[in-house]
Amino acid sequence: MSTVKDLNHDGISNLLAIDEEYASPKSVAPNCLQQDFAGECKRSLQAPEDFWGDYALHFQWTKPWTKVLEWDGVHHQWFVGAKTNITINALDRHANSDRRNRAAFIWLGEDGSERIITYGQLHRQVCRFANGLKSLNVRKGDRVVIYMPLTIEGAIAMLACARIGAIHSVVYAGLGHTALRDRIVDAQAKIVIAGDVGFRRGKTVALKPIVDEALDTLDFVEKVVVFSRRAAEVGSAREIDFAELLKFPATCPAEEMDAEDPLFLLYTSGSTGKPKGVLHVHGGYMVGTTYHLENFFDVGEQDIFWCTSDIGWVVGHSYIVYAPLCAGATTLFREGAIDFPNPGTAWEIVERYGVTKMFTAPTALRMFMRYGEQYPAKYDLTSLKVIACAGEPLNPEAWRWAQTHLAGDGKWGYVVDNWWQTELGGPAIGTHPSMAMRPGKAGVAVPGCEADVVNEEGKSCAPGVGGRLVLKRPFPYMLRTVWRDPARYERDWEQIPGCYVTGDVALKDKDGYITVLGRADDVLNVAGHRIGTAEIESALVSHPAVAEAAAIGIPDPLKGETIKVFVQTRADHVPSEALSATLIEHVRRELGPIATPSALEFVASLPKTRSGKILRRFLKAKETGKDAGDVSTMEG
C-alpha cells in the first residue's frame, strides 16, 4: 500500500509546479458560462439539505420526503420517506408529454447500422419487457444479472428491472466465465439476461458459451433470457427468448419504491480479490447524477450526447441510461471499437449526428492522439461544445492534443476532466466548463462534495504534499453499502475518522485543484478499468502449472497501465515460452480480455514480508526503476 513517503518520492509533487492554465473558452454552452459554479459549491456545503431538496423538486415523487438527509457519520439516507421509481422520471414524464416523439436513444453498430427509439417507443418496450419479467415471477427485491452487449435491448433490460423493483446487476460482456459466475453467486441472481453474441472490430464475439460455463451447477438461477442475434435456438428448459418477453402488454405501472430502495448492484474490483457489490438506490442516485449531467456537463433536451462507455460500467449506468433519460436528452451510443473500421470513425459520427457533448476516457484520447490529427481534421466538429473525460488520470499531453485538434483550440469546444468511482455514481471532482483547466489536474470538488487530501492521521496535507484522497461528507448519489458485506463499506468510513477513504492518492494545489495519482491499494487501472491484482493472481494459480503469482501495473502511455505478472511454477513444470503463452491465455479466458497480462516473467520465488504477504510494491519499483520505499519487513 502506498504511503505519503512513496507519493512524494522522485519529484511527483513537481506536477504542481506546472502553472499552465487554460481559460474557459466563450464557445462552450451558455448555461455553463452563466452558472455561478463557485456559488453552487459553497451553497451545497453550507446548506446541503436546501441545496439538494430544491433540486429534487424537479422530479416526480409519489410521496414527498419528511427529511432530506439523515447521516450518523457512516450511513446516510436521502429524501427520507419519499416514494418514487426512477423510471417514472426517466420514461413516463417524457412519454406522457410533447417529448414522446423525441429520440431517447440513437444506437449505432460497427457495420454502419442505426436504430433510433423515441421516448414513447422506449416506454412501451420497457413496459412490455417488465411484464415479461413478471411472468417469470421476478418481483421487487429479486436480483437479475444482465450480461448483454451494448444495445438498446441491454438498456431496456435495466429499465424493466427498475420498473418492477428488481435489482439489476450488469456484468460487462467481456469478462470471463469465472468473473461472471462470482457475480451471479454473490448477487444470488434469480434470472440472468444474456446476449448470444456481441460484435467488435468486425468479428463476432461469442457470449453464450461464457454464460453456459458460468451457470454450470448454479441451480438457484431459475431462468436465462437469451437475446439472440444469430438465430440461436433455446438450448435448455430454463432458457427463454428475449423477444418472447417483448410480446406482453405495453402498460406496466411502475412499482412504488422508497427513495432508499435498491436500484442496482455493480461489482467493482477490490484489493482482497473478491469483487464488491456496490449498491445504489432509486432516489438519491436519480437526483445526483441528473444534477451533474445538467449542471456540470450542461446536457439537456437540446443535446445529442455521446457517452463512449458501456452499460457494464458505472459511467454507462449513469450517463448512457439513467441521467440522460431523466434529463430528456438524446443519447447516442455505439457497440464495438471506437476506432473501427477506421481511426476517423468517431469524428465522422460527430459530424453526421451533430453531437454536442461527449463523455469519453483518457485512453481513447491517447489512442486518437497516436493516430494523428489528420483524422479529426477531415470532419466538421464545430457542434462539439464539451468533451468530458474520466476513468483514469488525464495526462497533460493528451489534454493539449484534444483541446487543439478536437475542440479547435477553444474556437468551438472545451475538453474538461473529472474524477469519480463506481462507489460514487457520478462526479466528485472536476473542471466545470466555466472554469480554467489546469492540465494534469482533475479539478476541484463539485457541488455537494467536500474532498480533501490528508495524511494517515486525517490532517489536511499542504499543497504539493501527497496523501489520501478522502470525502468528508456523503452526497445523494453515493453508494449506500456493499452487498452482503456492510462491514466492508463501514471500513471505508472508519479508517480515518470523519472521512470516506476513496482508496486513491492525490495532491492538491493552493486553489484546491486536485491531481489524482492512482490507487493506494493493489487495484490496477487498465484503460480506465479497475482490475484487482488478487483476481488476476487467483486466475493464474488456478492453473495446474502455477504455485504462486503476483500482478503489478506498469505505466503505459496509451492504457494508463498494462499488466505484468510474475509466476513461480510448480516443481513438476518447467518455465517456457509455450507455458507463458498458455498462462496468459488462461487468464484471458478466466477473467476476460481487459485482464490479459501484457508480460509474464517466471521467477524462482516472490518477494514477501515476514508475515507472508507478497511485496508487489517492490516488484513494481524494480520494474520501473524507482525507489521501493520501506522494505524493512521483507524476508532476507
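Biologist: In the hairpin of β9 and β10, which residue takes a positive phi?
Modeller: R201, with phi near 55°, in a hairpin that has two residues between its strands. Before going on, note that this is a predicted model, where local features need pLDDT of at least 70, side-chain atom pairs count only at pLDDT 80 or more, and totals for chains, interfaces and linings use all residues. Residues are numbered from 1 along each chain as its sequence is written, and side-chain values use heavy atoms, with hydrogens and water left out.

Biologist: How many bridges join β9 to β10?
Modeller: Four, between residues 197-200 and residues 203-206, and the strands run antiparallel. F199 has T204 in β10 as its bridge partner. Strands here are DSSP runs of E with at least two residues, helices are runs of H or I with at least four, and both are numbered from the N terminus. Two strands pair if DSSP finds at least two bridges between them.

Biologist: Which other residues have a positive phi without being glycine?
Modeller: F79 is one of them, at about 55°, and D298 is another, near 60°. F79 is in strand β2, residues 76-80, while D298 is in the loop between α10 and β16.

Biologist: Are those two buried or exposed?
Modeller: F79 counts as buried at 0% relative accessibility, and D298 counts as buried at 4%. Buried means under 20% relative accessible area, exposed over 50%, and partly exposed in between, using a 1.4 Å probe and protein chains only.

Biologist: And where is the cis peptide bond at P341?
Modeller: It runs from F340 to P341, with omega near 10°. P341 is in the loop between β17 and α12.

Biologist: Sheets next. What is the strand order in the nine-stranded one?
Modeller: β5-β4-β17-β16-β18-β19-β20-β21-β22, an open sheet with mixed pairing. β5 (114-118) and β22 (444-445) are the edge strands, each with a single partner, so one side of each has no neighbour in the sheet. Within this sheet, β4 (residues 103-108) and β17 run parallel and are joined by four bridges. I106 has L332 in β17 as its bridge partner.

Biologist: I was looking at T330. Is it buried or exposed?
Modeller: T330 is buried, with a relative accessible area of 3%. T330 sits in β17, residues 330-334. Leaving aside neighbours within four places in sequence, T330 is in contact (heavy atoms within 4.5 Å) with R102, A103, A104, I106, D303, I304 and F305.

Biologist: What about the eight-stranded sheet, which strands stand at its edges?
Modeller: The order is β12-β11-β8-β6-β7-β14-β15-β25, again open with mixed pairing. β12 (239-241) and β25 (481-482) are at the edges with a single partner strand each, so one side of each is left without a neighbour in the sheet. Two bridges join β15 (residues 276-281) to β25, and these strands run antiparallel. T481 in β25 is the bridge partner of L279.

Biologist: Which helix lies across β8?
Modeller: α9, residues 208-215, which lies across β6, β8, β11 and β12 and runs at about 155° to β8. Such angles run from 0 to 180 degrees between N-to-C directions, and axes are lines fitted to C-alpha atoms, for helices over the stretch in contact.

Biologist: Now α5. Why call it enclosed?
Modeller: Ten of the ten residues of α5 are buried, so α5 is largely enclosed by the rest of the structure. The buried residues pack against β3, α6, α7, β14, α10 and α11.

Biologist: How do α5 and α7 cross?
Modeller: Their axes come within 9 Å and cross at roughly 120°. That makes α5 oblique to α7; under 35 degrees counts as roughly parallel, over 145 as roughly antiparallel, 65 to 115 as roughly perpendicular and the rest as oblique. In the contact, I86, T87, I88 and D92 of α5 meet L159, A162 and R163 of α7.

Biologist: And α4 with α10, how are they set?
Modeller: Their axes come within 10 Å and cross at roughly 80°, which makes α4 roughly perpendicular to α10. The contact is made by F51, W52, Y55 and A56 of α4 with V287, G288, T290, Y291, H292, E294 and N295 of α10.
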